[in-house]
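Let's take a walk through a protein model together. Have a look at the sequence and the structure first, and then read on.

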Amino acid sequence: MKNKLLRGAVVLSLAGIICKVIGVLYRIPLANLLGTAGMSAYQMAFPVYTLLLVVSSAGMPAAVSRLTAARAARGDMPGARQGLRAASISLFAVGVVGGAALFALSGVLADSLMMPSAKWSFAAISPSLLFVALIAALRGYFQGLHRMTPTAVSQIVEQAAKLVFSLALAYELAPYGSDIAAAGALLGVSISELAALIIIFIMYLNESKRNKVIGKPNAGMKSTMHSLWRTA
């Protein structure tokens, strides 16, 4: 167990370093592409997005991880899978509502912050709320099984996709104005989260095929969902 945890820590540390390097490669050309006005619109969306993200999914990865680890230790793998399903259902609902609200209120938020052009940025980043919420559930599940590679791989894919799609969209949309280019960069962020979700979900499907779970969970779905949200 010590070796497994140590390997997991090393994997996550290496992934963190790679993500930081990619982040540096991303920010410098992005600032050059968007200019001052574009970066203002880009950065205006992030505080609101981060707030909604914290409200919607903060604590859930740890809650899923804790429940998964506890049930797996008792040999209740059906219960561990049930915890992932409960978290996914809950976070899907929260992500849809949060993303739809951010999209619908993008103009109101931009006006309230006295930057009407930022409405496109709010709209472009809104799908990320759903994708990140579902990623949180899957990462928590894998971490509860002491498997850190899926988290690390999804983080690297997320950053690499952001580097490619955000810069490409910002470049292509730059002729239409800095506010539209900023929205393109943020749409690239949404695409990168979707890419990370697809990768980690594929890894989950592969894990499910290798380790088939037979039997019923020891607890009901309602009890599991209550336990998850209380912990989160």
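**Two helices side by side**

Start with helix 7 and helix 8, whose axes come within 7 Å and cross at roughly 155 degrees. Before going further, keep in mind that this is a predicted model. Why do we give both an angle and a distance here? Because two packed helices are described by the angle between their axes and the distance between the axes. Angles over 145 degrees count as roughly antiparallel, so helix 7 and helix 8 are roughly antiparallel to each other. As for handedness, helix 7 passes helix 8 in a right-handed crossing.

Now let's look at the nonpolar residues. In soluble globular proteins, nonpolar side chains tend to be buried together. Here, the largest nonpolar core has 27 residues, and the ones touching the most other members are Leu 30, Leu 34, Tyr 42, Phe 122 and Leu 186. Which elements give two or more residues to this core? They are helix 1 (2-57), helix 5 (119-125), helix 6 (128-144), helix 7 (149-173) and helix 8 (178-210). Helix 1 supplies the largest share of this core, with ten residues. There is also another core lying apart from it, made of 24 residues, among them Phe 131, Tyr 141, Phe 142 and Ala 196.

Zoom in on Phe 122 for a moment. Leaving out residues up to four places away in sequence, Phe 122 touches Met 44, Ala 45, Val 48, Leu 102, Ser 106, Leu 109, Ala 110 and Leu 113.

Next stop: Thr 224, which sits in helix 9 (residues 221-231). Is Thr 224 buried or exposed? Buried means under 20% relative accessible area, and Thr 224 has 0% relative accessibility, so it counts as buried. The side chain of Thr 224 also makes a polar contact with the side chain of Gln 82, at 2.6 Å. Setting aside neighbours within four places in sequence, the contacts of Thr 224 include Leu 67, Arg 71, Gly 83, Ala 86 and Ala 219.

Finally, let's visit two loops. Most residues other than glycine have a negative phi. Met 114, though, has a positive phi near 60 degrees, and this residue is in the loop between helix 4 (106-112) and helix 5. With a relative accessible area of 76%, Met 114 is exposed. His 146 also has a positive phi near 60 degrees, and its place is the loop between helix 6 and helix 7. At 26% relative accessibility, His 146 counts as partly exposed.

Notes:
Residues numbered from 1 in each chain as written. Predicted model: local features only at pLDDT ≥ 70, side-chain atom pairs only at ≥ 80, totals over all residues. Heavy atoms only, no water. Helix = DSSP H or I, 4+ residues; strand = E, 2+ residues; numbered from the N terminus. Buried < 20%, exposed > 50% of the residue type's maximum accessible area, 1.4 Å probe, protein only. Polar contact = N/O pair within 3.5 Å; in protein donor to acceptor, adjacent residues only side chain to side chain. Contact = heavy atoms within 4.5 Å. Core = buried A, V, L, I, M, F, W, Y, C linked by side-chain atoms within 4.5 Å. Axes fitted to C-alpha atoms, helices over the stretch in contact; angles between N-to-C directions. Parallel < 35°, antiparallel > 145°, perpendicular 65-115°, else oblique. Left-handed = near helix turned anticlockwise from the far one by under 90°.
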